[in-house]
Amino acid sequence: MNQEKIGKFIYDLRKKYNLTQKELADKLSVTAQAVSKWENGRGVPDIEILKKLSEEFNVSITELIEGEEKNNGKKIAIFVAIALIVLSIGSTIYGLYVSQDQDSFDFSTLTCDNDSFNIEGVIAYNNTKKSIYISDIEYCGENEPTFIAVECILYEKNGNTETRLAKYGSLKKENDVSYELSYYLKKVRFNINNYTCTCDREVCTNVYIRINGKTENDQTITYDIPLKVIPTCQEE
């Protein structure tokens with residue numbers, strides 16, 4: 001995570017909206033010194049403040065931690081996912097926010113190396129806690145398949161052991177109408193609070209998404225999509 005790049009991005013957004021550091025601080029209920037600290041690359045806001053910044057400046061949290069704006073038209077979906085994860089960890093984050101400990105969480109972007117899928121998400125972590133939210137999964141391959149039902153499961157894999165972290169959807173047949181895979185994926189959101197991984201690193205790369213789709217002739221097609229953390233986790 002490039003704190004200087006994030007700080008420059010916050011600075012540029014503040015200037016774009018013609019706000020002083022004090023005016024932005026008042027909107028966020030923090031001090032002007034905290035805003036100055038971020039903009040000078042000496043810290044980053046915690047996830048609750050990032051949510052407020054994303055709403056104030058109409059950018060996603062992913063864009064904030066990457067330090068650049070992306071015109072990809074997916075911001076509303078990202079905001080919904082962020083709001084849900086913030087609500088789920090509200091009490092812990094609120095304590096951090098009141099104390100203005102803005103360096104408590106680090107963030108890494110989640111994506112994947114798969115030509116048929118594009119995934120966007122974020123991991124927030126510190127010494128005691130990790131939270132995962134995945135805001136967007138889209139199919140971008142050729143000859144898009146159609147299914148009567150789809151389920152998406154978020155797994156952690158450790159050797160031969162798979163641990164299910166979250167599930168969205170079901171393979172239970174509700175009707176005889178088939179829809180393209182994108183129809184189901186646009187509804188998928190994963191929000192996990194206090195995620196505990198089985199490796200001894202700060203952020204793990206052994207998490208993947210499994211997509212199961214049921215066809216009209218009752219066959220199941222499975223896609224396993226390993227997630228990639230940017231920056232890649234490293235030992236301290």
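# Chatting through strands, rings and helices

Colleague: In which sense do strand 1 and strand 2 pair, and over how many bridges?
Modeller: Strand 1 and strand 2 pair in the antiparallel sense, over five bridges. Two strands pair if DSSP finds at least two bridges between them. Helices (H or I, at least four residues) and strands (E, at least two) are DSSP runs, numbered from the N terminus.

Colleague: Before we go on, what kind of model is this?
Modeller: It's a predicted model: local features need pLDDT of at least 70, side-chain atom pairs count only at pLDDT 80 or more, and totals for chains, interfaces and linings use all residues. Residues are numbered from 1 along each chain as its sequence is written, and side-chain values use heavy atoms, with hydrogens and water left out.

Colleague: How many helices and strands does the protein have?
Modeller: Eight helices and ten strands. The protein has 236 residues, and 49% of them count as buried. Buried means under 20% relative accessible area, exposed over 50%, and partly exposed in between (1.4 Å probe, protein chains only).

Colleague: Back to the hairpin. How many residues sit between strand 1 and strand 2?
Modeller: Four. Strand 1 covers residues 106–112 and is mostly covered, with six of its seven residues buried.

Colleague: Which residue in strand 2 stands opposite Leu 110?
Modeller: Gly 121.

Colleague: Is Gly 121 buried or exposed?
Modeller: Gly 121 counts as buried, because its relative accessibility is 1%.

Colleague: What is Gly 121 in contact with, leaving aside its neighbours within four places in sequence?
Modeller: Thr 62, Ser 108, Thr 109, Leu 110, Tyr 133, Ile 134 and Ser 135. Contact means heavy atoms within 4.5 Å. There's also a C-alpha distance to look at: Gly 121 and Asn 191 are 70 residues apart along the chain, and their C-alpha atoms are separated by 9.7 Å.

Colleague: And what share of the contacts with a separation of 6 or more comes from residues 24 or more positions apart?
Modeller: That's 63% in this protein.

Colleague: Switching to rings. How many aromatic pairs does a search of the whole structure find?
Modeller: Seven. Rings of Phe, Tyr and Trp (its six-membered ring) pair if their centres lie within 6.5 Å; planes under 30 degrees apart count as stacked, over 60 as edge-to-face and the rest as tilted. One of the pairs is Phe 117 with Tyr 139, edge-to-face at 5.3 Å centre to centre with 80° between the planes.

Colleague: Which parts does that pair tie together?
Modeller: Phe 117 is in strand 2 (residues 117–125) and Tyr 139 in strand 3 (residues 130–139), so the pair ties together parts 22 residues apart in sequence. Both Phe 117 and Tyr 139 are buried.

Colleague: And why is the pair of Phe 117 and Tyr 223 called edge-to-face?
Modeller: Because the planes of Phe 117 and Tyr 223 are at 70°, with the ring centres 5.3 Å apart. This pair links distant parts of the chain: Phe 117 is in strand 2 and Tyr 223 in strand 10 (residues 220–230), 106 residues apart. Tyr 223 is buried, as is Phe 117. Ring pairs link Phe 117, Tyr 139 and Tyr 223 into a cluster.

Colleague: Now helices. At what angle do helix 2 and helix 4 pack?
Modeller: About 115°, with the axes 10 Å apart; helix 2 is residues 21–28 and helix 4 is residues 47–57. Axes are lines fitted to C-alpha atoms, for helices over the stretch in contact, and angles run from 0 to 180 degrees between N-to-C directions.

Colleague: Which residues meet there?
Modeller: Leu 24, Lys 27 and Leu 28 from helix 2 meet Ile 49, Lys 52, Leu 53, Glu 56 and Phe 57 from helix 4. By class, that contact of helix 2 with helix 4 has five nonpolar, no polar and three charged residues. Ala, Val, Leu, Ile, Met, Phe, Trp, Tyr, Cys and Pro count as nonpolar, Asp, Glu, Lys and Arg as charged, and the others, Gly among them, as polar.

Colleague: Last one: what is phi of Ser 29 near?
Modeller: Near 60°, a positive value in a residue other than glycine. Most residues other than glycine have a negative phi. Ser 29 sits in the loop between helix 2 and helix 3 (32–39), and is partly exposed, at 43% relative accessible area. Asn 58 also has a positive phi, near 60°, and lies in the loop between helix 4 and helix 5 (61–66).
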